[in-house]
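Hi there,

Here is the structure I promised to pass on to you. Have a look at it first, and then read on for what turned up in it.

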Amino acid sequence: MLILGIESSCDETGVALVEVLGDAPPVLLADELHSQIKMHQPFGGVVPELASRDHIRRVLPLLQATLDKACRTLSDVDVVAFTQGPGLAGALLVGAGAACALGAALEVPVLGVHHLEGHLLSPFLSADPPQFPFIALLVSGGHTQLMQVDAVGSYKILGETIDDAAGEAFDKSAKLLGLDYPGGPLLAKLAEHGDPAAYKLPRPLLHSKNLDFSFAGLKTAVLTQVKKVKEANAIEVNAVDSRLRGNDQEIEGRLTETQIVNLAASTQAAIVECLVKKSLTALASSGLRRLVVAGGVGANQHLRESLNAECAKRGIRVHYPELRLCTDNGAMIALAAALRIQAGVAVPAKDYSFAVKPRWDLS
Ligand code: KG4
Ligand code: ZN
């Protein structure tokens, strides 16, 4: 069975072909991705209307490129899967519309997939796939959740963020440091050169008894630190000999390179410590010995190193998606559809009256 997957929930258009042969693990034949980051960058964030229009432009050329790469044609496709939610309504409608139109034209069934289920199951495409049951840490730009996953389709939310998501905390802090959107990966890169103990930042809810997260306060703390450091820089500049002012005006009211990397490292350390601590608590209280990390922030090297080190001490195995499949892509959508069909928890239907779900609880 050949499954075509289409992802268009936010600022990436992804298309993929996954093949399912009986009960064997699904195989990714080919995938294509177009990121809209450059288009949104001048606006400092995703502009929903521009995102929808760009998905329209990209989806069919990406589909053709995917088919060509896999040496298949449209007539080989047996099921068309698409991201039904959560995400931006207009962006989701493009993928859903394209998928249902293709389904109707090819007279094959279609299946709407939950975007987070795609992230959650994406490690099954890695060289070291997990086995059920496991604890999942889902960390993306819009979500931060800890879940107990017993099987495909069986997801129990153990805790989640009560305000900002981890990716949002990375992106918003990066913006405060003057980095371009989406700042998360850039902040992580700068953090490699900084001192994580240089600035004292809060670890919200670190010692709370539940498995919830909170990152909004951290962003405010970063803002306060940035303001303080900038003010101190300005005072220092004003105090120097006027002969030096020509050069020093460069940094007046700005952050120096050292301050930026130190703030980046301190911010990253605070976010990662919260994610690691709560993941370990979830593992300990469930008694499970397997952790799956998925979503864009799962690409963060410091998070991976910390989790690997802590889990190794406790004899817990950690699974990640391939790095390139951490952020949004079509492969995870085709894969989630494949696993749902194999597990018998979803049956694709020749129902082309599509509806999207911009807000949709995974459990
Ligand atoms: O899963 P994803 O692609 O999209 C959503 O479904 O939200 O996640 C995107 C998020 C962004 O906030 C981005 O800054 C963050 O993942 N991200 C990272 C890294 N790579 C992506 N955050 C920290 N370190 C990274 N290396
Ligand atoms: Zn995502």
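Predicted model: local features only at pLDDT ≥ 70, side-chain atom pairs only at ≥ 80, totals over all residues.

**The chain overall**

You can find 11 helices and 10 strands in the protein chain. Its C-alpha trace spans about 80 × 45 × 30 Å along the principal axes. Of the 363 residues, 52% count as buried. The chain exposes about 15900 Å², and carbon and sulfur atoms supply 55% of that area. Now take the contacts with a separation of 6 or more: 72% of them are between residues 24 or more positions apart.

**The zinc site**

Which residues coordinate the zinc ion (ligand 2)? They are His115 and His119, each through NE2, and Asp328 through OD, at 2.0 to 2.1 Å. Along the sequence these donor residues follow the spacing H-x3-H-x208-D. His119 sits in helix α4 (residues 115–121), while Asp328 lies in the loop between β10 (317–319) and α11 (331–343). This pair is 209 residues apart and links distant parts of the chain. His119 and Asp328 are both buried.

The four donor atoms of the zinc ion (ligand 2) make angles of 93 to 136°. To count as tetrahedral, all angles must lie between 85 and 135 degrees, and the site is irregular.

**Helix α6**

Where do the buried residues of helix α6 (residues 183–191) point? These are Gly183, Gly184, Leu187, Ala188 and Ala191. They cover an arc of only 140° around the axis, so they lie on the same side of α6. Pro185 and Lys189, on the other side, are exposed. Among the elements that cover the buried residues of α6 are α5 (166–176) and α9 (257–286).

**A closer look at Phe134**

Setting aside neighbours within four places in sequence, Phe134 is in contact with Phe124, Met147, Gln148, Val149, Leu288, Arg290 and Val292.

Enjoy exploring it!

Definitions and conventions:
Residues numbered from 1 in each chain as written. Chains lettered and ligands numbered in written order. Heavy atoms only, no water. Buried < 20%, exposed > 50% of the residue type's maximum accessible area, 1.4 Å probe, protein only. Helix = DSSP H or I, 4+ residues; strand = E, 2+ residues; numbered from the N terminus. Arc of directions from axis to C-beta. Contact = heavy atoms within 4.5 Å. Donors = N, O, S within 2.8 Å, 3.2 Å for Na, K, Ca; no water. Tetrahedral: all angles 85-135°; square planar, octahedral: opposite > 155°, others 65-115°. Areas by Shrake-Rupley, 256 points an atom, 1.4 Å probe, with all protein chains shown as cover.
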